[in-house]
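Hello,

I am passing on a structure that I hope you will enjoy looking at. My notes on it follow below.

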Amino acid sequence: MNDRIKDVQLLTPNELIRPEGLLHGVHGMSGGYTTPLSNCRIMYFPKIHDPAGNLTFIEGGNHIPFDIARTYYLYDVPGGSSRGSHAHKGLHQVLIAMSGSFDVVLDDGTHQTRYHLNRSYCGLYICPMIWRRLENFSSGSVCMVLASQTYDEADYIRDYDEFRQAALGK
Ligand code: T46
């Protein structure tokens, strides 16, 4: 693991992690946070209220548990389309609905959890070795991603069976 990656378990609730709130419909088959999916969670970022408009800021290594090496965003996603459907071997990410909404289905090879993202001051932290699929994009939605590494195709696992075998150690 990258030395700069902070163990998310070390972050306290005061460090902006609140798993309730925007977390809709937990579908983990075990019904609890006892799987690798428990490392993935909703994070709340600072929100500066102003009658002239709100402001949110995110500092790498402070508000999220890694230094930001890359940012990218998905936009103009046609209705009914899905994105993702792969896992990353070492990449840590935070997904934010900067506009509109979409669902993120996370899968650790055994359990699945669905998140609905629709607030620009909240992010979904995804640790390595989690299969993800993004779907149900609303019209005009924008998904911004903060990532711990620059783009590397070798970091992807795009075959679900290969992912599952690796995730389950088979
Ligand atoms: C994830 C979801 C939310 C680049 O050249 N540089 C980049 O930084 C990225 C992310 C992609 N690309 C190229 C690689 C492919 O030819 O853009 C094409 C589509 O990339 P990808 O298949 O990764 O796109 P998504 O939307 O399925 O997935 C991306 C992220 O890869 C993924 O980690 O969680 O967005």
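**The open sheet**

In this predicted model, 5 strands make up an open sheet with antiparallel pairing, in the order S1-S9-S6-S11-S4. Strands here are DSSP runs of E with at least two residues, helices are runs of H or I with at least four residues, and both are numbered from the N terminus. Two strands pair if DSSP finds at least two bridges between them. Strand S1 (41-44) and S4 are the edges; each has a single partner strand, so one side of each is left without a neighbour in the sheet. From one strand to the next, the twist averages 25°, taken between N-to-C directions of lines fitted to C-alpha atoms, on a scale from 0 to 180 degrees.

Inside the sheet, S6 and S11 run antiparallel and are joined by 6 bridges. Ala97, for instance, has Cys143 in S11 as its bridge partner.

**The whole protein**

The protein has 12 strands and 1 helix, and along the sequence the helix comes after the strands: β-β-β-β-β-β-β-β-β-β-β-β-α. Of its 170 residues, 25% are buried (20 or more other C-beta atoms within 10 Å of the residue's own, with C-beta atoms placed from the backbone).

**Two notes on reading this**

Residue numbers start from 1 along each chain as its sequence is written. As the model is predicted, local features need pLDDT of at least 70 and side-chain atom pairs count only at pLDDT 80 or more, while totals for chains, interfaces and linings use all residues.

Best wishes

Key: A residue is buried if 20 or more other C-beta atoms lie within 10 Å of its own, exposed if 12 or fewer, and partly exposed in between; C-beta atoms are placed from the backbone.
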